[in-house]
Amino acid sequence: MASFLAQRLFAALLTILVTTVAVSMLIHLVPGDPVQIMYAQSQGTTPEQLEEVRARLGLDQPLMVQYIQYMGRVLQGDLGRTIRGDQPVLELLLARLPNTLILATSALVIACAIGLVCGFVAAYRRGTWLDTLLMTSAILGVSMPHFWLGLILLFYFAVHLQWLPVAGSGAANLVLPAVTLGVTNAAIIARLTRSSMIDVFDQEFIRTAYAKGLPRALVLYRHALRAGLVPIVTMIGLQFTYMMGGAIVVENVFGWNGVGRMAIQAIFQRDYPLIQGFILMFAVVVVLVSVLMDLLYAWLDPRIRNR
Amino acid sequence: MSATKSIEAPNDEPATRPAPVLEVRDLCTEFRTKAGVGRAVDGVSFTLHEGEILAIVGESGSGKSVTSLSIMGLIPDPPGRIAGGSVTYGGRDLTRLDEKALQKLRGNEIAMIFQEPMTSLNPVLSIGRQMTEGIRQHTGMSEAEARKHAVEMMRRVSIPAPEKRLGEYPHQFSGGMLQRIMIAIAMSCSPRVLIADEPTTALDVTIQAQILELMRDLRATTGASIMLITHDMGVVAEMADRVVVMYAGRKVEEGRVEDIFARPRHPYTRGLLAALPVLGTAGEVGGTQLNEIPGVVPALTDLPNGCRFSDRCALSTDKCLAEDPPFADRVGAHSAACWHSDRLAPTMEATS
Amino acid sequence: MQNRLEKAIALAGAAHTPAAGVAPSGWAVLLRRMGRFWRSAMSNRGARVGMVLVTVLVLVAFFAPWIAPYPPDEMGAGMSLLTPEMAYPFGTDEFGRDIFSRVIWGARLTIQVGVIAVGISLTVGTLTGLVAGYAGGWTERILMRLVDVVFSFTETLIALAAVAVLGPSLSNAMIAVGIAAIPFYARVAYSVTLVERNRAYFDAAYVQGAGHLRLIFLHLLPNIIPPLIVVATLGVSSAVLAAAGLSFLGLGAQPPSPEWGAMLSAGRDYFNQAPWIMIYPGVAIMITVLAFNLLGDGIREALDPRQTV
Amino acid sequence: MKYWGKTALAAALAIAAGGPAIAGDIIWARDGDIDSLDPHRATSTLSRQVWYQIYDSLLEFDDSGAPVPNLAKSWEIAQDGTLVTFVLNEGITCHDGTPFNADDVIWTAERALGEDNPSLTKSSWGDIGEVEKIDDLTVAFHLATPFGAFVPFMADQFTSMLCDSNAAADDFGTGSAIGTGPWKFASWTKGAEVVLEKNPDYVNYGRPIDNPGPPLADRLIMRTMPEAQTRMAGLRTGELQVIVPPIQEVKSLQDDPGVEVYVAQGTGQNMFLQFAVNRPPFDDKRARQAVSHAIDKDLAIKVVYGDIVERQYCPISKGVFGNDPEFCKQYDQDYDPEKAKALLAELGYGPDKPMEVTLATWTGDSRERMLQMLQNQLKKVNIVANIEVMDIGTLNARDTQENNKAEGPGYMDLMGWTWFDPDLLYLLWHSPGAYQGFQTPELDKILEDMRTTVDPDARKEIVHAAFKILLEEAGQVPIYTPGWSWLYAVSADAPGFKIGPFNRALFNAIDH
């Protein structure tokens with residue numbers, strides 16, 4: 001297990017390292033002069049002032065030096081300041097990150113609740129009308145754009161029926177974005193759960209369990225679900241990453257105050273320090289989640305746990 | 001009983017016939033597939049007697065495993081279902097029992113072990129859990145009692161340090177050890193019938209012999225009847241009292257092991273025997289199979305007219321292609337389903 | 001964007017694809033195999049439905065000028081915000097443009113998105129995977145590590161980063177979406193290449209002294225195509241979704257482009273008065289994505305019968 | 001660790017923020033958040049609107065748009081306009097309880113004008129040499145050259161007076177803000193809301209609102225709600241008191257007896273077309289004139305905005321010194337597609353060779369719909385315009401870039417500026433100009449004169465001379481006013497709202 005985790009941690013660190021390189025070089029990929037774009041809101045900025053800014057950001061240094069300087073700052077927790085409003089990037093991100101995590105986690109809970117049950121039932125009742133119904137719904141769900149479903153829910157429940165408050169960021173406001181994000185992902189989880197459970201149901205140890213005379217519920221719960229859960233947990237780990245990605249879109253539909261909404265604004269405003277910070281933070285979150293999932297995976301699967 | 005004696009009196013009833021434990025009559029099991037409905041088992045009948053080892057023999061696809069699963073009520077439905085016939089055990093027809101009643105029988109009175117010990121045990125549950133759950137299910141023992149019983153069973157199948165190994169997981173055991181554990185699980189409730197589906201196929205030759213010996217011992221000490229499913233005539237020779245040969249879902253030959261080996265009455269049986277390198281020393285020579293039967297078992301949805309074996313049979317005639325030979329039941333003794341049984345020469349001449 | 005896992009499954013299935021016997025090399029064999037896959041895929045009901053929908057979509061896109069009653073940006077084709085009626089089956093928007101015509105013309109953009117985005121990821125991804133799998137050694141390690149790193153992000157993030165750099169426009173969105181999906185194709189191509197490289201035909205060709213290019217393009221490439229078709233078909237659906245999402249956010253197609261995501265985004269201001277402006281483009285996106293999902297699923301099952309019920 | 005503590009707090013606040021409306025709270029839902037609480041660090045209208053609640057300037061604008069006393073009870077201009085002296089009112093206190101005096105004024109000015117990270121609008125202050133403290137309540141600004149727009153600028157939010165106690169806070173502008181205005185800063189949950197509390201010590205010296213003392217309500221909350229329809233829903237359910245309404249819903253809101261729609265007048269905002277003039281085709285004035293002739297400005301306004309904006313004819317909007325529609329109509333281009341075609345034909349464009357150009361603007365306020373109308377009209381004279389919509393900051397940068405590009409298709413954009421004085425024209429069009437675009441030596445000369453001329457009649461003559469050039473040459477093609485953030489829908493439960501000149505929202509008299 002130690003070697004398994006060491007390997008995963010190495011991969012995680014490598015991912016973050018590559019991300020920092022990519023992020024620090026991002027600004028050089030921008031067509032046109034990024035400094036000019038960044039300082040466009042200042043009145044009458046002179047070329048000398050722009051040079052000064054360039055020097056301040058270290059953009060006149062060789063790339064390698066720039067990267068080392070950037071890493072030095074990042075390691076000290078300094079992700080720079082925003083162009084719009086001159087705010088510390090890290091603080092802005094951390095203030096909103098909990099909102100995004102809350103949204104993604106709630107959506108994941110909804111997605112798992114629906115997806116696992118539907119997928120399990122479909123697998124168990126494989127080939128029946130119920131399976132067909134569930135899987136048809138699932139493929140429709142997979143095909144539905146988040147933003148469209150979100151808007152329809154928003155207009156119907158919040159604007160038209162006024163069942164849910166619209167102003168604010170409280171728990172009641174979480175319902176629609178979490179459902180939107182959860183439902184479409186539930187479809188994916190259902191499909192994965194189904195195929196994973198079908199694999200498990202076809203396993204010989206399930207037959208063994210039945211042959212022992214165990215009641216069906218016990219076989220399904222103890223034998224099938226426990227065994228099927230291992231691959232499903234890995235998928236759910238990945239799913240959380242997609243939730244984070246999906247949250248970017250859904251936050252914008254519902255005006256949920258998370259990092260995703262901020263990132264889109266930053267892209268519009270060409271606020272490069274904020275975009276860089278966002279990508280880096282996102283990478284760190286994704287990597288942390290995947291390490292956590294590896295731990296969970298190792299804990300669930302004795303073949304890895306006891307290695 | 002000696003082999004020569006049975007050859008001399010093939011039609012004789014054995015003097016002391018043990019009581020039947022399990023009777024299979026006209027069993028039909030179907031599977032619905034995209035290509036149509038296939039009868040994996042088509043009107044098979046046989047009887048398992050008290051304390052006997054009955055071998056069901058055939059290549060893969062012959063329907064022998066489906067037969068065993070049908071007896072256990074473990075045919076996955078859909079796509080499978082038992083379309084007809086009966087399985088009588090203890091005066092009850094198992095094919096008509098509800099799930100609850102079947103659960104009481106399975107693992108308790110009729111137990112089963114499978115071909116692949118590696119995949120037949122749940123990789124994410126400890127051996128202890130997998131052993132005790134069946135015991136607790138059928139005996140109502142507490143967890144502690146069940147564990148004690150499990151340790152005892154493990155000892156009986158010669159697993160060293162059983163207390164320690166209870167907490168381990170299947171991937172920490174070798175294949176032979178796992179099959180011992182499978183047997184321990186199967187025997188833990190002292191069943192009257194043990195169905196062993198290719199129990200040694202996946203194992204090394206030396207381990208095979210040990211497992212077979214273990215099964216013989218258990219039969220001797222518990223008096224359980226064993227239904228041994230295999231494709232390996234060597235195993236049959238070593239273990240079985242009586243043999244049922246299946247082909248493409250049908251029983252094609254039945255008889256005492258000595259009779260079958262001495263004078264097969266079906267060309268398919270003959271082919272299976274011929275595939276043995278040296279009679280009676282199965283497994284000693286690994287990969288040098290001789291005289292294999294050409295071709296494969298036909299698809300169940302695409303059976304030939306007439307005799308199902310006709311397309312692979314050296315003796316096949318126009319009659320074979322046109323008419324399905326009936327199973328010529330010679331009252332529980334050596335019988336076969338072949339138009340040309342009499343044209344088959346005894347094998348003993350060639351081998352003894 | 002969300003079909004990644006699905007693709008991962010396709011990938012898993014793809015690894016055992018050509019298992020039947022020794023896979024021979026060459027393009028002729030591929031054609032024969034394709035015929036078989038095709039018949040097998042078309043025996044799947046979902047795939048047939050998908051195929052019909054895709055065909056309709058392509059026809060609609062091709063014949064848009066003949067099908068659409070009005071040019072997509074003709075203002076005052078009708079009164080503004082008309083409810084759906086015979087002359088304007090999907091109603092009109094705030095400028096009196098015919099929504100039906102716009103949705104029809106939008107199909108062209110959608111096909112473009114599919115072809116270009118998938119084209120980018122398919123070409124780059126396949127080459128990366130092929131080269132990594134073929135070359136081995138450091139090339140393999142570095143390339144696949146990089147692919148893994150990119151793979152660990154969501155496509156959304158990569159597409160956003162790409163748009164942040166390139167600036168918002170539909171063509172940039174297509175490029176961004178294409179770039180974001182490269183790792184999938186690379187992984188599939190890589191894993192299949194590894195399998196194929198160990199087959200007898202490959203050794204035979206190698207022993208006969210075939211050059212690198214010949215080995216890659218004549219022997220490996222045709223053999224890794226079938227699983228890539230699955231990924232590419234499912235990839236069209238995620239590319240269409242992703243590009244529509246970017247347009248919806250304002251990072252893709254710009255007005256007055258009848259791109260569906262952009263139409264939907266503009267239509268939400270009128271949801272109270274004219275919900276149809278938003279509903280029809282959404283339905284169009286969904287049907288398109290559904291079509292490619294069904295088709296991709298069907299082909300996958302044909303390639304990997306293990307998953308067939 | 002420090003960050004995580006804050007994060008947890010922010011999360012708790014975010015969760016708590018969803019509660020029902022409390023009497024005494026005015027919740028104002030807007031489409032975006034402020035950029036900063038620091039008036040030297042941002043320029044957005046969304047930020048300015050909030051600064052106006054927290055800070056006062058030395059002067060104020062009365063309802064006519066003329067500067068009047070506020071923090072300063074009087075001012076005096078001497079030495080030909082190079083010395084301006086302000087005398088402050090006595091007894092004004094900052095939100096932290098310290099007295100407001102000359103030191104605060106000097107601290108603010110030096111912060112805005114210093115070398116190290118000056119205000120983004122430093123150049124609008126004029127050429128200031130020294131800020132001198134005469135006594136505790138008297139401050140003198142020494143200008144190197146006379147600057148006609150200096151006095152009104154002292155009434156702008158960019159010259160909000162910051163208390164020098166802000167120097168002690170390391171999070172001024174992001175987590176703290178001390179001013180003298182009617183509302184005290186309480187908290188800012190970034191991206192969600194800014195909470196202000198009533199300043200009980202407030203004395204109104206100059207704001208054009210009928211309340212001499214502190215605000216009537218307890219709190220003023222600016223909430224960010226990007227989705228227009230949810231703001232609407234919140235207003236209708238009574239969760240929100242003031243919203244930025246979606247333009248499409250203004251009519252239905254006007255018919256709603258529970259809602260009052262306010263349309264700001266005299267915002268000074270001017271929406272106009274400008275061109276990349278340093279390369280073909282718009283280096284030729286005929287191309288620019290053709291565009292102006294080709295677009296039916298009245299129709300476009302009517303379709304997109306109805307009657308909530310007004311057609312403008314002058315480069316400086318209604319309500320600002322020098323605006324004179326009758327004068328401007330003599331020089332601008334009427335809607336005349338035939339004339340446009342003729343001009344284009346002279347340049348070699350026609351049905352077989354359409355002119356391909358980019359037409360840009362910034363996001364929001366239905367401007368992208370305006371562009372679609374213009375695009376449609378341009379198409380009729382064979383000008384193919386490709387629309388690009390971007391953030392205002394990006395657009396500003398883009399305009400400068402386009403003016404510096406020698407190659408590429410023609411470029412024009414729908415731009416908007418607001419100022420309380422025609423001095424804006426100097427900023428925009430005197431070389432090098434805000435975007436380094438349209439300029440002529442003659443116009444440069446006129447604009448220089450305009451800056452140094454103080455006599456109103458003479459100044460008006462000069463301003464008109466500038467108008468004439470800009471309009472005739474179609475360097476700036478005015479279209480409409482106002483252009484952004486000018487609509488307020490207020491619940492009838494919260495009476496007392498007022499919009500002052502230059503779009504300043506006053507909540508002092510709202511009783512809720």
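These legends describe close-up views of a predicted model.

**View 1. Chain A as a whole.**
Chain A has 13 helices and 0 strands. Read from the N terminus, its elements run α-α-α-α-α-α-α-α-α-α-α-α-α. Its C-alpha atoms fill a box of roughly 85 × 55 × 30 Å along the principal axes. Of its 307 residues, 54% count as buried. Among contacts in chain A with a separation of 6 or more, 75% come from residues 24 or more positions apart.

**View 2. The two domains of chain A.**
Chain A splits into domain 1 (2-75) and domain 2 (94-305). Taken over C-alpha atoms, the centres of these domains are separated by 33 Å. Domain 1 of chain A puts 15 residues into the contact, and domain 2 of chain A puts in 13 residues. On the domain 1 side, helix H1 (2-29) and helix H2 (34-38) of chain A are the elements that give two or more residues. H1(A) gives the most to that side, with 12 residues. By class, the domain 1 side has 11 nonpolar, 3 polar and 1 charged residues.

**View 3. Which chains touch.**
There are 4 pairs of chains that touch, and chains A and D make the most contacts among them. Chain B and chain C share no contact; their closest C-alpha atoms lie 9 Å apart. Chain B and chain D do not touch either, and their nearest C-alpha atoms are 38 Å apart.

**View 4. Chain B against chain A.**
Here 28 residues from chain B meet 20 residues from chain A. On the chain B side, helix H3 (99-105), helix H4 (117-120) and helix H5 (127-139) each supply at least two residues. H5(B) provides the largest share of that side, 4 residues. The side of chain B that touches chain A divides into 13 nonpolar, 11 polar and 4 charged residues.

**View 5. Helix H6 of chain A crossing helix H12 of chain C.**
The crossing of H6(A) past H12(C) is right-handed. From H6(A), the residues in the contact are A:Ile139, A:Leu140, A:Val142 and A:Ser143. They meet C:Met286, C:Val289, C:Leu290, C:Asn293 and C:Leu294 in H12(C). The residues of this contact divide into 7 nonpolar, 2 polar and no charged.

**View 6. Helix H3 against helix H12 inside chain C.**
H12(C) also packs within its own chain, with helix H3 (residues 45-62) of chain C. The two axes come within 7 Å and cross at roughly 135°. H3(C) and H12(C) are therefore oblique to each other. Their crossing is left-handed. H3(C) contributes C:Gly46, C:Ala47, C:Val49, C:Gly50, C:Met51, C:Leu53, C:Val54 and C:Leu57. H12(C) answers with C:Ile287, C:Thr288, C:Ala291, C:Phe292, C:Leu294, C:Leu295, C:Asp297, C:Gly298 and C:Ile299. By class, this contact has 12 nonpolar, 4 polar and 1 charged residues. C:Leu294 meets H3(C) here, and C:Leu294 also meets H6(A) in the previous view.

**View 7. The domains of chain D.**
Chain D is divided into domain 1 (6-31 + 182-264 + 486-506), domain 2 (59-165) and domain 3 (269-481). The C-alpha centres of domain 1 and domain 2 of chain D lie 29 Å apart. In their contact, 10 residues of domain 1 of chain D meet 13 residues of domain 2 of chain D. The domain 1 side of this contact divides into 4 nonpolar, 3 polar and 3 charged residues.

**View 8**
Helix H7 spans residues 285-294 of chain D. Of its 10 residues, 8 are buried, so H7(D) is largely enclosed by the rest of the structure. The buried residues are D:Ala287, D:Arg288, D:Gln289, D:Ala290, D:Val291, D:Ser292, D:His293 and D:Ala294. Helices and strands of chain D pack against these residues. The helices are H10 (337-346) and H11 (367-379). The strands are E13 (269-275), E16 (383-390), E17 (410-418) and E18 (476-481).

How values were computed
Residues are numbered from 1 along each chain as its sequence is written. Chains are lettered from A and ligands numbered from 1 in the order in which they are written. This is a predicted model: local features need pLDDT of at least 70, side-chain atom pairs count only at pLDDT 80 or more; totals for chains, interfaces and linings use all residues. A crossing is left-handed if the near helix is turned anticlockwise from the far one by less than a right angle, and right-handed if clockwise. Two residues are in contact if their C-beta atoms, placed from the backbone, lie within 7 Å. Ala, Val, Leu, Ile, Met, Phe, Trp, Tyr, Cys and Pro count as nonpolar, Asp, Glu, Lys and Arg as charged, and the others, Gly among them, as polar. A residue is buried if 20 or more other C-beta atoms lie within 10 Å of its own, exposed if 12 or fewer, and partly exposed in between; C-beta atoms are placed from the backbone. Axes are lines fitted to C-alpha atoms, for helices over the stretch in contact, and angles run from 0 to 180 degrees between N-to-C directions. Angles under 35 degrees count as roughly parallel, over 145 as roughly antiparallel, 65 to 115 as roughly perpendicular and the rest as oblique. Domain bounds come from an automatic or database domain assignment.
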